[in-house]
Amino acid sequence: MFLSVLDLYKIGIGPSSSHTMGPMVAAQRFLAELAGDNWPRPTGTQIVRLRAHLYGSLAFTGIGHATDRAVALGLDGATPETIDPDSMGDRFDTIKKTKRVNPPDHPGYDFSLSEDLMFNRGEPLPHHPNGMAFEALDADDRIMLRRIYYSVGGGFVRSEDEINQPEPDMAEDVPFPFENATQMVEMARRSGKSIARMKRENEVQSGGLANFDAGLDAIWDAMEACIDRGLQGEGILPGGLKVKRRAGTLAGKLGAERGVNTPNPVEANEWLATYAMAVNEENAAGGRVVTAPTNGAAGVVPAVMKYAKMFLGKVSPDDARQYLLTSAAIGGIIKHNASISGAEVGCQGEVGSASAMAAAGLAALMGGTPEQIENAAEIALEHHLGMTCDPVAGLVQVPCIERNGVAAVKAVVAASLAVRGDGEHVVPLDACIETMRQTGADMSTKYKETSLGGLAVNVPDC
């Protein structure tokens, strides 16, 4: 099993990796296939119209997650990593007004949001709750090409052919092909290398060192920039819940308190929560964000690294690289053996995974052994087991924003407990990950990013 840190941490846009970035990527993939020669295009056929169907969680919470905008912009040629967040609103308005998409290197197609984007709230597609289908039609409204894709969490997209295919065996391609935490710790023990070093050697095997370090640095720069933008944000978040942006106000109050004589015993925790909320407020506003491992959980990993800089003096580029490599090793194991998708296993797979990743990364920066790092991840994940995903009004705001702040605090506590111990503990990380997978499988669909249960139905109308 090998998942690159550069794939796990993807620079994109808010508010959701699975419901915004994934559909935009799927639309791009459909355009690429439409332009290619790998489908039986009848002679003389001219595609004049595109259509999209959303199923499962995408249908139930798509409007709140801006899935409609993501699909339209994706069919217009936009990609999550390159689109300017400030231009999305005007570009989407143009598509709505003209009922046309004009992707580069294509002739342009009819696409009406009211007629060609369908929210199918009946039976979901098989294989995954986040299913979607794209269709290309000729002048007689005949479907010439239809493709199904699944947004499986963290911005990852699988086609209908790919969804059930096993991941390729990387045993011969990387020096440390660990598939679970037990193997990871054992390989570290035998080799005498840190988890970050093993992860780095796996990464470098397939690319140049200079380019890889530049990629890691770009990830952290994007995370830190997201914190900074979030701290500057003001006003009300979009979507109708009238949620106020609070991170900037909180940071201002904390900054003012630093100049007084009375110490604040919970200052570090308050900064942690503020940093995490800054990221998730920026995400909720549709800004530039890094999947960590998803957009809904994007605040935890950056907040804990920012904490390490502010309170532990971990300010060098190598510190950030070690943190990202270690946390990504844990994230890859969780994704491989369970899920990072809220629509599949609930928020335990998103915020729970993020907290485990951040705890592992921080434990590494604190000088933890591989055993202690594994323990830190287990502690953080264990105390998120069973967490539901029940976004109010289908928006990534309540309870998501504050939940990231609390999960960041949990990550720091987990790292502290683990590093002060000897690495021995009752519940292995692998058992915790398997428990999370089983819990998600048993969890009612209404608690898995559908807004059909939990807070989503018990919060009074605003």
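Reader: Which hand does the crossing of α15 and α17 have?

Author: This is a predicted model, where local features need pLDDT of at least 70, side-chain atom pairs count only at pLDDT 80 or more, and totals for chains, interfaces and linings use all residues. Residues are numbered from 1 along each chain as its sequence is written, and side-chain values use heavy atoms, with hydrogens and water left out. A crossing is left-handed if the near helix is turned anticlockwise from the far one by less than a right angle, and right-handed if clockwise. For α15 and α17, the crossing is right-handed.

Reader: At what angle do the axes of α15 and α17 cross, and what does that make α15 relative to α17?

Author: Helices (H or I, at least four residues) and strands (E, at least two) are DSSP runs numbered from the N terminus, and α15 covers residues 351-365. Axes are lines fitted to C-alpha atoms, for helices over the stretch in contact, with angles from 0 to 180 degrees between N-to-C directions. Under 35 degrees counts as roughly parallel, over 145 as roughly antiparallel, 65 to 115 as roughly perpendicular and the rest as oblique. The axes come within 8 Å and cross at roughly 40 degrees, so α15 is oblique to α17.

Reader: How many nonpolar residues does the contact of α15 with α17 have?

Author: Contact means heavy atoms within 4.5 Å, and on the α15 side the residues include Ser355, Ala358 and Leu362, meeting α17 residues such as Asn404, Ala411 and Val419. In the class scheme, Ala, Val, Leu, Ile, Met, Phe, Trp, Tyr, Cys and Pro are nonpolar, Asp, Glu, Lys and Arg are charged, and the others, Gly among them, are polar. Two residues are polar and two charged, and the nonpolar ones number 11.

Reader: What about α11: at what angle does it pack on α17?

Author: Helix α11 runs over residues 267-284 and α17 over 400-419, with axes 8 Å apart. The contact includes Leu272, Ala276 and Met277 of α11 and Gly405, Ala408 and Val409 of α17; by class it has nine nonpolar, four polar and two charged residues. This crossing is right-handed, and the angle is about 140 degrees.

Reader: Is arginine 49 buried or exposed?

Author: Arginine 49 lies in strand β2 and, leaving aside neighbours within four places in sequence, touches residues including Tyr109, Glu115 and Leu137. Buried means under 20% relative accessible area, exposed over 50%, partly exposed in between (1.4 Å probe, protein chains only). With 16% relative accessibility, arginine 49 counts as buried.

Reader: Which side chain makes a polar contact with the side chain of arginine 49?

Author: A polar contact is a pair of N or O atoms within 3.5 Å; within protein, one must be able to donate a hydrogen and the other to accept it, and residues adjacent in sequence count only if both atoms are side-chain atoms. Here the distance is 2.8 Å, and the partner is aspartate 141.

Reader: What is the phi of aspartate 141?

Author: Most residues other than glycine have a negative phi. Aspartate 141, in the loop between β6 and β7, isn't a glycine, yet its phi is positive, about 65 degrees.

Reader: Which residue does a cis peptide bond join to proline 15?

Author: Most peptide bonds are trans. Proline 15 sits in the loop between β1 and α2. Omega for its cis bond is about 10 degrees, and the partner is glycine 14.
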